[in-house]
Amino acid sequence: QAQLVESGGGLVEPGGSLRLSCVASGFRKDYYSRAWFRQAPGKGREAVAVICDSDGRTFYGESVKGRFTVSRDNAENTVQLQMDSLKPEDTGTYFCAAVEEFLVEADRLKFDDRAYDYWGQGTQVTVSS
């Protein structure tokens, strides 16, 4: 059974950094697109970053470009999200998600949470002084 488990959330001051990790297990297909989404209280889920298994291409939401970096460790089957220069508006629950890569071939689909089949439980990130 495929499973995603996030870790690394917490409380950080504005301007600080956090590193989230997502460990995947039980996935059987060759290639997946692996994404980070976030959800602030009272709002819908917003795509933060995506990385493709096949070639390592990365995609970022406009609000985090230049501040966040998504990467993967194939040996550990882990995807990380390095978050720098954090702002209060980055506060929310961060979710790791995955879908077979061919199902989100169009770039616009990579940022659509409805396209993703597998989800973690989420980890809370709070940016506050």
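**Cysteines and a lysine**

Modeller: In this predicted model, the torsion about the S-S bond of C22 and C96 is about -80°, so their disulfide is left-handed.

Biologist: What makes C22 and C96 a disulfide?

Modeller: The sulfur atoms of C22 and C96 are 2.0 Å apart, and because a pair of cysteine sulfurs has to lie within 2.5 Å, the two are counted as joined. By this rule there is one disulfide. C22 belongs to strand β3 (residues 18-25) and C96 to strand β9 (residues 92-100), so the pair ties together parts that are 74 residues apart in sequence. Both C22 and C96 are buried.

Biologist: How do you know whether C52 is buried or exposed?

Modeller: Its relative accessibility is 0%, and because buried means under 20%, C52 counts as buried.

Biologist: Why is K110 called buried?

Modeller: K110, which lies in helix α1 (residues 107-110), has a relative accessible area of 1%, and since the limit for buried is under 20%, K110 is placed in that class. Among the residues that K110 touches, not counting those up to four places away in sequence, are C52, F37, F59 and Y116.

Biologist: What makes the approach of K110 to E105 a polar contact?

Modeller: The side chain of K110 reaches the backbone oxygen of E105 at 3.1 Å, and because the cut-off is within 3.5 Å, the pair qualifies.

Conventions
Residues numbered from 1 in each chain as written. Predicted model: local features only at pLDDT ≥ 70, side-chain atom pairs only at ≥ 80, totals over all residues. Heavy atoms only, no water. Helix = DSSP H or I, 4+ residues; strand = E, 2+ residues; numbered from the N terminus. Buried < 20%, exposed > 50% of the residue type's maximum accessible area, 1.4 Å probe, protein only. Polar contact = N/O pair within 3.5 Å; in protein donor to acceptor, adjacent residues only side chain to side chain. Contact = heavy atoms within 4.5 Å.
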